[in-house]
Structure formats: structure tokens, C-alpha cells
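The following paragraphs lead the reader through one protein structure, from its overall form to a few of its parts. Please keep the model in view while reading.

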Amino acid sequence: MIRAAIATVLALLAVPAQAIEIQDVTSPGGIKAWLVQDDSIPFVALDIQFRGGASMDAEGKRGAVNMMTALLEEGAGSNSATQFAQAVEDLGARLSFSASDDTVSVGFQSLTENRDAAADLLAQALAQPRFDDDALTRVRGQVQAVIRSEATDPNSIAAKEMAALAWGAHPYATSINGTADSVAALTRQDLVAAKNRVLARDRVVVGAAGDISAEELGLLLDRILGGLPEQATAPLPEQAELQVTGGTTVIDWDSPQTVVAFAGPGIPIDDPDYFAAFVANHILGGGGFSSRLMEEIREKRGLTYGVGTALATGLYGQTWQGGMSGSNATTAEAVELIRAEWARMAEGVTDQELTDAKTYLTGEYPLRFDGNGRIASILAGMQLIGFAIDYIDTRNAKVEAVTSEDVSRVAQRLLDPERLRFVLVGRPEGIESDPVTN
């Protein structure tokens, strides 16, 4: 469920996570950001996140925030879409805009010598988007094409059905793209209203990395974000209540393969058991070929090319979910194996499994900090979640502290096969839908 966009890295900053020093910056206008300063390359990256994202769509206007976000680079201020794109290109800058369930994300990357001019363009895009008729028509057509494509993709069909079963009336239950009807009905006024519901200074978190001082960053933040309203026009979404129950939903699809999606209760990142669940997930299905599900379903029996699990940690609701695909004839066997492994986690893990998982999870962490763009994104994400500024220094110790008893406890708490819902898209042999009782 969870949809996140990370800007393309234009310059490498090859430093290990433990060497990163984060500065807490407040602009003269009161906008806060976290900064990792590095003057070795004349380049700066910002990752700007607005809380709420596509979950801020007004009632009856599903898809408005997503479409609004796509239109931010389609002309701003006195610049048409073509003029705006040319101005960004002339500066050698990169601006990116994307929406997810939880945030509207804005990426900014520029050479130091051009950053003020590039910042002015971004400020126009955020505060003065044009939403011209021709751009609106073009982007509407692009979104409608995505909606049509999703309607014929069994993976998208499975994901949408699972979301509907899991989240009821919450925005998480429906696609951020909206429906063909809802998108067709959106007007320019709807997009302006969507902008005002999301793009405001009280909703923003910022991560920055590169060739910029704290003082310079403060001025840049006010330059980019100072034209936005102080407060958004709508409250943030309520927490979602997970409604999915155990059982199986089969959606008939004419294919020799069945797509399998499954999900049960998840865990928020600020839960004391989160890191135990994080390690457990790696052992269960998040560790690729080393995971239990891959071993049992692919390696031993050849029932799929791949099966995996993930902790989907949305800001307003969480699931522990996974997926695979396999032949119609063997899907029933694979489903029962997933249920069995779901239950077996409560029995504990071996010392070797625990050691291997922690070695991987702590070893790969520094590799994430491989560029200004990625570092800026991580800093913004940390603030969005509510992590302390020293999280990077303490994270691996939290992983190392997980014991076998911790894994068993969190598995007993969350990995109940009776609460695991399967959505199957295909014609699986020997499986029928059972009633959904929310």
C-alpha cells in the first residue's frame, strides 16, 4: 500500500551512515529542516514532504491530489508548461513531484551556482501553479490511461481488492488515482482546492544534503516555501482501523497463473516491538532467497518464481503483507504453506537465522546513504515518522538487540494465520471465496 518516490541521484556522497552529522535548522520564517552538509561537490538536494498526501482528497473528489501533484510542473506563474520545463533544463536542475497515500513529495536538485534561480522556479510551482486547460486535459488523459491499465493488471486488481477489504471507508481503501468517473469530473477549481488542502507550511518536513550551510539553507527554505499558506484548509486524516479478516477472496481471471496477495495486522514504527517484527519479517519473507517462504515454496517445491513479505507501515494504518504468483493447479498448496509458515514463526527462530538476519540488516543500512538525493529523502522520512535526530546512530543497535524471544513474542502477537486474508486473482483449483465478515 505503501507508494514512495525517491529522486534520482545526481551526485554521490559516499560516506557511511555512522559518519553523518545532522544539523537541525530553522529558517528565519520558522520552517524546520534537517541538513547533512557536504561541500565536496557543488550540488545540493532537498526532499520536501507534505503530510497527508492523497489521503487528503475531499469527499467525492478521489484522485484530485494525485492529479494536482502531476500538474505542478505543467506551468507556473508566467511560465507555460513548455517554458517552465525549458527554464528548469537551462539551469541543469531537477524538480520532481509525486503523491502517495501519506505524502506529496517534492524533490529539488541543483548545482550550487544555480540553486537560487532553481528555487524560484520551485517556489512558483508550489505557490502559483497554473492548472491550464490544455495541461489539465493532457494529465487527465494520462491518469485515465493508468486507471485503464490497472483494470487489466491482475496484480493491481489484487492490491485494490485487498485495500478495500482492509480499510473500509478510509482513503487507504481506494487508489490514489481515483476512478474513471471521479477523474473525469475534476475541475480546475477542484485542483486548486486540493492544493490548499495539502500544500501548506504546517504540513511540511524537509531533508537537505550537499553544498549548503545551515544559514544558507534557512534562506533557501523561505525562498521556496514562504509563499505557501501557513495552514492547510483541511485536517489530517484520521487513523485507519484495519478491518480485514482471515479467509480467502477469489477474483475470476482467465489466466493459467494466479496472483496471490495476502495481508494481516501490521505494526507502527513507533511500537516497542517494531524492530522485532522487522527482523522477523526478514526471516519469514523479506530476506529474498534466505527467507523461510522462499525456501519452502520455491526452493523445495518450485511452486513460484518468488514470494515475499513486507511491513507496510503507513502513517495512518499498517499491515504485514506479501505476495506471489503461481500456476492455478498449485496455488492451493502454496496458500496452505504460507499459512503454515505464518504460524510457525511463533515457535521461534534458530540462532543462525537470527544472526544471519541481523548481519544483513545492519550491514546493508550504510549502503542506503549513497547520494545527496537519498540522504535528503531519508532525513525527510525520519521527521515524517517522528524519529529522533540521532536515529541513524542508534538504529543498528536496535536491530542487534532483538532476541529470539522478541521474535516469538511479536509473531504470537501479529502472525495469526486465522487473521490472514488472501486475495487470489486467477482460476486457482480447489479454492473458492469464503464470506468476508468485517
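The radius of gyration is taken here over C-alpha atoms, and the rule for a globule is 2.2 Å times the number of residues to the power 0.38. For the 438 residues of this protein, a compact globule would therefore have a radius of gyration near 22 Å, and the value of 23 Å agrees with this. The model is a predicted one. Along the principal axes, its C-alpha atoms fill a box of roughly 60 × 50 × 35 Å.

Within this form, the chain has 15 helices and 11 strands. Of the 438 residues, 53% are buried. Among contacts between residues at least 6 apart in sequence, 83% join residues at least 24 apart. The accessible surface comes to about 18,500 Å², and carbon and sulfur atoms account for 49% of that area. The protein carries 34 positive and 59 negative side chains; the centres of these two sets lie 3 Å apart.

Helix H5 runs over residues 154–167, and its 14 residues reach 20 Å from the first C-alpha to the last, close to the 20 Å expected at 1.5 Å a residue. Its buried residues include Pro-154, Ile-157, Met-162, Leu-165 and Trp-167. Among the elements that cover the buried residues of H5 are helix H4 (133–151) and the strands S7 (247–252), S8 (257–265), S10 (318–327) and S11 (421–426). After H5 comes Gly-168, with a positive phi near 55°.

Helix H13, residues 372–385, should span 20 Å because each of its 14 residues is counted at 1.5 Å; its end C-alpha atoms are 20 Å apart, which agrees. H13 is mostly covered, with 11 of its 14 residues buried. Among these are Asn-372, Gly-373, Ile-375, Met-382 and Leu-384. The cover over the buried residues of H13 includes strands S2 (32–37), S3 (43–51), S5 (103–111) and S6 (204–210), together with helix H14 (391–400). Gly-386 follows H13, and its phi is positive, near 105°.

Arg-115 is found in helix H3, which comprises residues 115–127. Is Arg-115 buried or exposed? Buried means under 20% relative accessible area. Arg-115 has a relative accessibility of 10% and therefore counts as buried. Beyond its neighbours within four places in sequence, Arg-115 is in contact with Val-44, Phe-108, Ser-110, Asp-211, Ile-212, Glu-216 and Leu-220.

Technical notes. Residues numbered from 1 in each chain as written. Predicted model: local features only at pLDDT ≥ 70, side-chain atom pairs only at ≥ 80, totals over all residues. Heavy atoms only, no water. Helix = DSSP H or I, 4+ residues; strand = E, 2+ residues; numbered from the N terminus. Buried < 20%, exposed > 50% of the residue type's maximum accessible area, 1.4 Å probe, protein only. Contact = heavy atoms within 4.5 Å. Areas by Shrake-Rupley, 256 points an atom, 1.4 Å probe, with all protein chains shown as cover. Lys, Arg positive; Asp, Glu negative; His and termini not counted. Charge placed at Lys NZ, Arg CZ, Asp CG, Glu CD. Expected span 1.5 Å × (residues − 1).
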